[in-house]
Amino acid sequence: MNVPDTHIPLIKSMNVDFVKRCQGDIRVKASLSDEDFVRIHEEDRGDVTVQVHVEDESGNEPIKAEMIWAWVNKNRARQKKDN
């Protein structure tokens with residue numbers, strides 16, 4: 001994830017549905033929108049839903065996945081830990 005060094009990325013959840021059998025090798029692609037990229041770099045904390053596209057050799061999408069990632073400022077995380 002494209003989180004600045006001043007922040008900590010955290011995965012909140014991941015949902016994976018195996019729709020059909022894979023044929024051959026698979027390719028996985030996950031990307032952020034421009035708006036999400038800006039939010040990650042400008043906000044101290046937040047979360048974003050990332051769609052994951054899995055394609056096999058035949059061009060089918062046998063696996064559907066979604067991840068929810070969060071980020072928090074390292075200083076904020078340390079303050080909570082110290083309390």
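User: How do strand S2 and strand S3 pair, and over how many bridges?

Analyst: Strand S2 (residues 26-30) and strand S3 (residues 45-56) run antiparallel to each other and are joined over five bridges; strands here are DSSP runs (E, at least two residues), helices are runs of H or I with at least four residues, and both are numbered from the N terminus. Two strands are said to pair if DSSP finds at least two bridges between them. Please keep in mind that this is a predicted model, in which local features need pLDDT of at least 70 and side-chain atom pairs count only at pLDDT 80 or more, while totals for chains, interfaces and linings use all residues. Residues are numbered from 1 along each chain as its sequence is written, and side-chain values use heavy atoms, with hydrogens and water left out.

User: Which residue in S3 is the bridge partner of arginine 27?

Analyst: The partner of arginine 27 is glutamate 55, and isoleucine 26 stands opposite aspartate 56, also in S3.

User: Is S2 buried or in the open?

Analyst: S2 lies largely in the open, because zero of its five residues are buried, where buried means under 20% relative accessible area, exposed means over 50%, and partly exposed is in between (1.4 Å probe, protein chains only).

User: And what does S3 do with S4?

Analyst: S3 and strand S4 (residues 63-73) also pair in the antiparallel sense, over ten bridges, with valine 52 opposite alanine 65 in S4. The hairpin of S3 and S4 has six residues between the strands, and in this hairpin glycine 59 takes a positive phi near 90°.

User: Changing topic, where does phenylalanine 37 lie?

Analyst: Phenylalanine 37 lies in helix H1 (residues 34-42), and it counts as partly exposed because its relative accessible area is 38%.

User: What is the overall pattern along the sequence?

Analyst: The protein has two helices and four strands, which follow the pattern β-β-α-β-β-α when read along the sequence. Of its 83 residues, 22% count as buried.

User: How much of the contacts comes from residues 24 or more positions apart?

Analyst: Such residues account for 68% of the contacts with a separation of 6 or more, where a contact means heavy atoms within 4.5 Å.

User: One last thing, why does valine 16 count as partly exposed?

Analyst: Valine 16, in strand S1 (residues 7-18), counts as partly exposed because its relative accessibility is 31%.
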